[in-house]
Amino acid sequence: MATTIKLKWGKNEYDVAIEEGSTVEVFKTQVWTLTQVPPDRQKYMGFPGGTLKDTDDLSAKVAKLKAGAKIMLVGTAEGGELKAPTEKVVFEEDLTPEEKAKILKEKKVEVPPAGIKNLGNTCYMNACLQCLNRVTELRETLDKYSPPAAEGRDIDAVLTSQLRGVLQSLRDTTDSIVPLQFVMALRQRFPRFAEMQNGGYMQQDADECLRGLLTVMSGTLNTENGGNKIDDLFGFRLKSTLKCLECDEEPPQESVEDQRVLMCHLGTQTEPVSHIHQGVSLSFKEHIPKNSPTLGRNAQYEKTSAIASLPPYFIVQFARFGYKGANDWAGTAANKVKLVRRCAFSANFDVFDSCSDELKKKLSVGRLKKKEVEDAQLEKERQALKAGKSMSSSAKPDAAKKDGDVEMKPAEDVDMEKTDSGGLEEYDTGYYELVAIVSHKGRTADGGHYVGWVKHKSQLGKDNKEDQWILFDDETVSFEKWNDMVGLSTDLQGGKADTQIAYINIYKKVTVRAPGHVLGTAEEKKEAAAGSST
């Protein structure tokens, strides 16, 4: 008479019939035919008395099993043995930073970029480097830079070569870099950055560092047309008029100035500036004393300026730092103080109102083109939505989704970046988007801490409901959201001395590609131009 027991092996279960008087060896052979697990690999759990041995009385073991009990088999089937790896196993800790970065890029894993080690109050430099790394055109130019031969190589060429190496290292690794050679070259070129106090390097001004680097590269990154890449990227022209306020008969004097940085003044305590547009406008008007040839004496002049050309990138510096004179009565020495006044700015910057009349006429055309492109895109989206609703109404009831929504294809994007010769022209609009920020935390320029902010992703519908940014705090790097950067705890627009406040903003030009002809009647174009200039 045979007894049937339940055998479980992994996820599989078997009914095994055991004849009266059968041996353990026969039982294991039965199991082998069912599972392909050889007898010498079979281990059993569930039999009374512990492990099943070849010398045990199988019938006695089976008789002691409780009703419904299951025997568990542990063992590897033939062909399922572990095999030696065909490739050498490399552990993560054995990878170099460059190899780790390459693997992460291939797997499309989003990890924070590399930070920069602080080498003794070098946060001002680290923040500037991370923001310059955001300027793609500058990076590409540095990649192609070849320094002169050793006999003709000066400190500017050395510093430019070191900067190229730093920016390349930031792209090739995920670990923090240590730019020791660059710091040494920077301090050699600008001895001010090597000043020491109490046995350590002093804190320096990020604006002075940025301007110094731009000055150096303007002499090393030459272009074929006799200019330089720095002025091609950041240079703009100001058209100025100097008018004597005390003599109407004296004709105004006009001049043109080349600049790389746009100043945003913060006003005074009695007349504070609350928005970046006010601050920039204030920097374009100033009163200066000057000798009047008509009056034969010093007189007050008013200098008004306007932007006459637009660069690919605008560097806007907030006039956060100023000098406070010594006060003998109070016993205070002269020092550099910080203005923490709030000056609002957004992720976009419109310079139209600060431009010259000639430039405004050109920008009015581009702004009209931009509106046409946006209207065309909205019309396509409206048509797509209309077509989707039409398909939904004609579809069978069981094809509709439970919530009543229908699946629609996205509307085609208007081609604003097309570069082939398809009758498209590129127009300036006067609009810029914020791409990088250098901010400072603290009450004085000689102390505190600098960090860099770089735009990572733009707002894209449901996936990205707000702009995504990257915060570079020396070697610590993190992802941030725009609303958190201008929120309650951290507000880069200012107002709180003990939080990070924007000091330098870098904006990138927004252009539009559109057909060469302007839609609409002549009267509509005239009205659009008039509306843009108000």
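Helices α6 and α8 are roughly perpendicular to each other. In this predicted model, the axes of helix α6 (residues 155-172) and helix α8 (residues 206-220) cross at roughly 105° and come within 9 Å. Angles of 65 to 115 degrees count as roughly perpendicular. On the α6 side, the contact is made by D156, A157, L159, T160 and L163, which meet L213, V216, M217 and T220 of α8. By class, this contact of α6 with α8 comprises 6 nonpolar, 2 polar and 1 charged residues. An α-helix has 3.6 residues a turn, so residues three or four places apart point the same way.

Helix α6 also holds S161. With a relative accessible area of 15%, S161 is buried, the cut-off for burial being under 20%. When neighbours within four places in sequence are left aside, S161 is in contact with Y145 and P147.

Helix α7 spans residues 180-189, and its buried residues are F182, V183, A185, L186 and R187. The cover over the buried residues of α7 includes both α6 and α8, together with α4 (123-132) and β6 (200-201).

At the level of the whole protein chain, the model has 13 helices and 20 strands. The chain has 534 residues, of which buried residues make up 37%. The accessible surface of the chain comes to about 30,900 Å², and carbon and sulfur atoms account for 51% of that surface. Among contacts in the chain with a separation of 6 or more, 67% are between residues 24 or more positions apart.

Strand β15 (residues 348-350) pairs with β16 in the antiparallel sense over 3 bridges, and N348 has E433 of β16 as its bridge partner. Strand β16 also pairs with β20 (residues 501-515), again in the antiparallel sense, over 14 bridges. In that pairing, the bridge partner of S439 is A502 in β20. The pairing of β16 with β17 (residues 449-457) is likewise antiparallel and extends over 6 bridges. There, A436 is bridged to V454 of β17.

Note on methods:
Residues are numbered from 1 along each chain as its sequence is written. This is a predicted model: local features need pLDDT of at least 70, side-chain atom pairs count only at pLDDT 80 or more; totals for chains, interfaces and linings use all residues. Side-chain values use heavy atoms; hydrogens and water are left out. Two strands pair if DSSP finds at least two bridges between them. Helices (H or I, at least four residues) and strands (E, at least two) are DSSP runs, numbered from the N terminus. Buried means under 20% relative accessible area, exposed over 50%, partly exposed in between (1.4 Å probe, protein chains only). Contact means heavy atoms within 4.5 Å. Accessible areas come from the Shrake-Rupley method with a 1.4 Å probe; for residues, only the protein chains shown count as cover. Axes are lines fitted to C-alpha atoms, for helices over the stretch in contact, and angles run from 0 to 180 degrees between N-to-C directions. Angles under 35 degrees count as roughly parallel, over 145 as roughly antiparallel, 65 to 115 as roughly perpendicular and the rest as oblique. Ala, Val, Leu, Ile, Met, Phe, Trp, Tyr, Cys and Pro count as nonpolar, Asp, Glu, Lys and Arg as charged, and the others, Gly among them, as polar.
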